[in-house]
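Reader: Could you take me through a close look at one part of this complex, please? I would like a connected account that I can follow with the model open beside me.

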Amino acid sequence: MNIFDELGKIYSEVDDTYARTEIQARSKGYRKKEAEYYRKRQLNDQAYFLFMFTRFEGRVREISDNLINNKVTGHADWKINRAWEIINKQKSNDSLHFMNRVALLTPKGQIDYNLIKQYYDQRNNIGHGGSFTIAISIPNVIADMKRFYKDLKG
Amino acid sequence: MTMQKTVKVDKQHVEKRIDDWKKRVSDLYSTIEIWLKSSNYYIKRGSKLKMYEELMSEFNVRPTEVDTADIYNLDNKIVLTIKPRGLWVLGANGRIDIISNKGNYTLVDFAEQFEPPHWKLFNSDKKNGVSFTKQLFFQLLAK
């Protein structure tokens with residue numbers, strides 16, 4: 001089982017537990033308790049989304065690092081090498097922006113890039129104390145992350 | 001790889017999407033109502049949920065409400081609750097939660113904007129989503 005399936009399984013266990021309490025509260029007309037558990041499920045979504053995205057960030061960092069290392073050492077031609085030298089410097093001093101790393105691995109402006117950007121914006125929003133600005137379905141996140149994990153190549 | 005379709009997003013577009021969302025939710029309830037005819041269950045539209053998503057705030061669209069629904073058995077006990085969770089979903093066209101005593105199922109519309117919905121159901125067993133059909137719905141009720 002890969003890490004996203006593993007996290008997805010734990011996520012579902014927690015979400016299902018909260019969901020059961022939520023529907024029981026609704027059945028009894030306990031509106032406050034129902035709202036409380038609805039909120040808990042939202043927070044659970046956020047927590048697991050962040051957890052999954054950090055795993056994905058690690059993957060992007062790893063394969064973009066490998067790509068840069070290969071490019072820097074692979075070209076004798078200065079005209080090609082100069083751009084990679086600059087990128088390599090940014091990598092080394094940790095100033096290479098995450099989305100620029102993504103742009104090294106998938107065409108900028110196209111579907112995958114745009115989707116990762118949307119996820120990244122959500123991650124930043126939650127990470128800086130906000131909540132989801134748009135709804136996220138964790139099963140979709142898992143499917144997307146697994147696909148990105150497999151498809152993104154240096 | 002194809003480029004994404006560019007859509008002009010303005011207040012009118014956001015309002016049109018909200019109307020479309022409410023219609024898809026309402027149509028879903030109507031479909032379920034038809035499915036449940038002559039069964040041991042019935043559907044009742046329940047309390048409303050506040051809807052105020054990011055784009056609504058961005059384009060000065062007033063908060064609105066969207067219907068939830070409950071499925072009851074003949075003992076008048078709720079067996080499923082249906083709650084629209086959000087219209088603007090990454091990679092999809094809306095999310096609805098179907099909550100039961102066994103846990104939560106997520107219904108996601110994968111149709112393009114303003115196209116007839118293509119609902120897929122997810123839960124921990126159905127990671128890739130399966131088309132939401134009458135048969136599947138009765139399986140949820142039987143759990």
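Predicted model: local features only at pLDDT ≥ 70, side-chain atom pairs only at ≥ 80, totals over all residues.

In chain B, where is confidence lowest and where is it highest? From there, please go on to the side of chain A that touches chain B and the residues around it.

Author: Happy to. In chain B, helix 2 of chain B has the lowest confidence, with a mean of 88, and helix 1 of chain B has the highest, at 97. Chain B as a whole has a mean pLDDT of 90, with 92% of its residues at 70 or more. For chain A the mean pLDDT is 89, and 97% of its residues reach 70 or more. Among the elements of chain A, the lowest mean pLDDT, 87, belongs to helix 3 (residues 78-92) of chain A, and the highest, 96, to helix 4 (residues 98-105) of chain A. For the complex, the predictor gives an ipTM of 0.83 and a pTM of 0.84.

Now to the part you asked about. Between the two chains, 28 residues of chain A are in contact with 30 residues of chain B. On the chain A side, helix 1 (3-27), helix 5 and helix 6 (138-151) of chain A each supply at least two of the residues that touch chain B. Helix 1 of chain A gives the most to this side, with 11 residues. Sorted by class, the side of chain A that touches chain B has 12 nonpolar, nine polar and seven charged residues.

Let us begin with helix 6 of chain A, where you will find A:Asp144. This residue has 20 C-beta neighbours inside 10 Å, and A:Asp144 therefore counts as buried; the cut-off for buried is 20 or more. Setting aside residues up to four places away in sequence, A:Asp144 touches A:Leu115 in its own chain and B:Gly91 in the other.

B:Val108 lies in strand 5 (residues 103-109) of chain B. Because B:Val108 has 24 C-beta neighbours inside 10 Å, it counts as buried. B:Asn93 is 15 residues away from B:Val108 in sequence, and their C-alpha atoms are 7.2 Å apart in space.

Back in chain A, let us turn to helix 1 of chain A, which holds A:Phe4. A:Phe4 is buried because 23 other C-beta atoms are within 10 Å. Apart from neighbours within four places in sequence, A:Phe4 is in contact with A:Met52, A:Ile142, A:Met145 and A:Lys146. A:Phe4 and A:Phe53 are 49 residues apart in sequence, yet 9.7 Å apart in space from C-alpha to C-alpha.

Helix 5 of chain A also has a partner within its own chain. The axes of helix 4 of chain A and helix 5 (residues 111-127) of chain A come within 10 Å and cross at roughly 160°. The two helices are therefore roughly antiparallel to each other, and their crossing is right-handed. On helix 4 of chain A, the contact is made by A:Phe98, A:Met99, A:Val102 and A:Ala103, while helix 5 of chain A brings A:Tyr113, A:Ile116, A:Lys117 and A:Tyr120. By class, this contact has seven nonpolar residues, one charged residue and no polar residues.

To finish, here are two loop residues of chain B. B:Ser38 sits in the loop between helix 1 (11-36) and strand 1 (41-51) of chain B. Phi of B:Ser38 is near 65°, a positive value in a residue other than glycine. With 5 C-beta neighbours inside 10 Å, B:Ser38 counts as exposed. B:Asn60 is in the loop between helix 2 (54-58) and strand 2 (64-73) of chain B. B:Asn60 is not a glycine either, although its phi is positive, at about 60°. B:Asn60 is exposed, with 8 other C-beta atoms within 10 Å.

Terms used. Residues numbered from 1 in each chain as written. Chains lettered and ligands numbered in written order. pLDDT = per-residue confidence, 0-100. Helix = DSSP H or I, 4+ residues; strand = E, 2+ residues; numbered from the N terminus. Axes fitted to C-alpha atoms, helices over the stretch in contact; angles between N-to-C directions. Parallel < 35°, antiparallel > 145°, perpendicular 65-115°, else oblique. Left-handed = near helix turned anticlockwise from the far one by under 90°. Contact = placed C-beta atoms within 7 Å. Nonpolar A, V, L, I, M, F, W, Y, C, P; charged D, E, K, R; others polar. Buried ≥ 20, exposed ≤ 12 C-beta atoms within 10 Å, placed from the backbone.
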